Amino acid sequence: MPGSFIMLVAALALIEGFFLLRPAISSGPYYRPRNETGYSYWYLVIAAFVPYAAALRAHRHGDRAPFGLLFGTAVVLHVALIFAPASRSQDVYQSLLYGKMALHGTNPYVVAPRSVGDPWGLWALWPNTPSPYGPAWTLLCSAIVVASRTHLTAAFLLLKAMAAACTMLATWLLVRAHRSGAPRADTTHDDRWAVLAFAYNPLVLFSSGLGAHPGVVIAVAFAGAVLAERRGRDVWTTLLLTVAGLVKAYAVLPLLAWLIALAWRRGVVRAAGHAVVAMVVAAATYAPFSEGARTFDGLRRAASAASSSLTGTLVRIGSGELADAVAAGRSAWGHASRWLLLLGILAVALHLARSPRVGADPWAAAALLLTTYVVLTPWYLPWHLLGLLALSVLVPQAPTSAGALVFSGTSLFVGSGGNAPGLMFQAAVRYGPPALAVVRRRGGNRSSGGPW
């Protein structure tokens, strides 16, 4: 058994033990509201990337654990975290409250949680914000609330169990998609690579296991779409990518890449037909919550803020609002950054539309669009990367894949954000190594004649 794999499992188990035992030895109930952020205990999660990188390197050099051991151990690691209290991000409670509101006839897209006076609101950190999530996620959370009989702890554990199941389902679909792909001369990345690179990624493990983020559903949809495409099921590919976009808005970008690929493969008319199908499904899913433009108030509020992303950092420094994400996002710099994001995505989409290679490899194109979003968006949080990571393990030779794997670790780094130099240092640590990985992989692809 590879020593690097043993070290990785041991490191992940120790960190899981911390998140499981810490609440038990502190004062107060085991499950209780917390005021943690998405970056709390970042140093623990980022430390796990050292053995993770070593395990990936060992795998590429042929030191590989058996498939059954890899997959089975991943299941144990993900199941163990189901019982851990929410740590780092607390958005899981926000999602459940939105689902409960919808279940009781209150539209979470136009009504803020504070207005309903529900006791679950004590657990939500954003009481004045309508839902920024897509309706597919809200309906799923409503189903979880029904299954829990409106018991908050039961709903929490059920949503955590669903997230663990989704992560392992996504992993299995990635394995199936890898096996369904065309044979590769390069055997460095086999189906075990998909398990190791995705299920053991510390960002994936702790985003799913501690916060039950909707990114795990996006990862399932992306993995299923790749499998469907490789088996010639074009309609299913379109439907699964549409579902992903109905969970989080940025997840619609791979659908755009797929429609461009369809235009190259089957013609513009066929691609337009699939686009109509996607719009009909989206309209039907939004219908129970539709109240015109107000339906997207929560999404607009989230998109109008500036986090510590690369663009968000520049917005904060340029606007002088170093500590206030909302004020920075509403400044002239914030408005300019959103135009930059839109124009950047449009430019990449036009480039893809002119390249016949998209028809042969839509998933590298989808990864490129998602990477453009990650780099240019003023509002970014680490778990937004889960869908891109799912695609990355299936197109390992794409420069964006190398960048995504590196960024999944460096994006967790928290430096001194209280001043401009601190913010710039933090951005350099987060984005510098992934950029170098992209350049290095791109240079290797050019020398070998590889795509993209």
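Q: In which loop does Asp-190 have its place?
A: This is a predicted model, in which local features need pLDDT of at least 70 and side-chain atom pairs count only at pLDDT 80 or more, while totals for chains, interfaces and linings use all residues. Residues are numbered from 1 along each chain as its sequence is written, and side-chain values use heavy atoms, with hydrogens and water left out. Helices (H or I, at least four residues) and strands (E, at least two) are DSSP runs numbered from the N terminus. Asp-190 sits in the loop between helix H7 (152–180) and H8.

Q: Is Asp-190 buried or exposed?
A: Buried means under 20% relative accessible area, exposed over 50%, and partly exposed in between (1.4 Å probe, protein chains only). Asp-190 has 14% relative accessibility, so this residue counts as buried.

Q: Which side chains make polar contacts with that of Asp-190?
A: A polar contact is a pair of N or O atoms within 3.5 Å; within protein, one must be able to donate a hydrogen and the other to accept it, and residues adjacent in sequence count only if both atoms are side-chain atoms. At 3.0 Å, the side chain of Asp-190 makes such a contact with that of His-59. Another polar contact, also of 3.0 Å, joins the side chain of Asp-190 to that of Arg-192.

Q: Which residues does Asp-190 touch, not counting those up to four places away in sequence?
A: Contact means heavy atoms within 4.5 Å. With residues up to four places away in sequence left out, Asp-190 touches His-59, Arg-64 and His-178.

Q: How many residues of helix H8 are buried?
A: Helix H8 spans residues 191–199 and is mostly covered. Among its buried residues are Asp-191, Trp-193 and Phe-198. The count of buried residues in H8 is 8 of 9.

Q: How far from the sulfur of Cys-141 is the nearest cysteine sulfur?
A: A disulfide is a pair of cysteine sulfur atoms within 2.5 Å, and a search of the whole structure finds 0 of them. Cys-141 is in no disulfide, and the nearest cysteine sulfur, that of Cys-166, is at a distance of 11 Å.

Q: What is the relative accessible area of Cys-141?
A: Cys-166 counts as buried at 13% relative accessibility. Cys-141 is buried too, with a relative accessible area of 0%.

Q: How far apart in space are Ile-345 and Tyr-373, C-alpha to C-alpha?
A: Ile-345 belongs to helix H17 (residues 332–353) and counts as buried at 15% relative accessibility. In sequence, Ile-345 and Tyr-373 are 28 residues apart. Their C-alpha to C-alpha separation in space is 7.0 Å.
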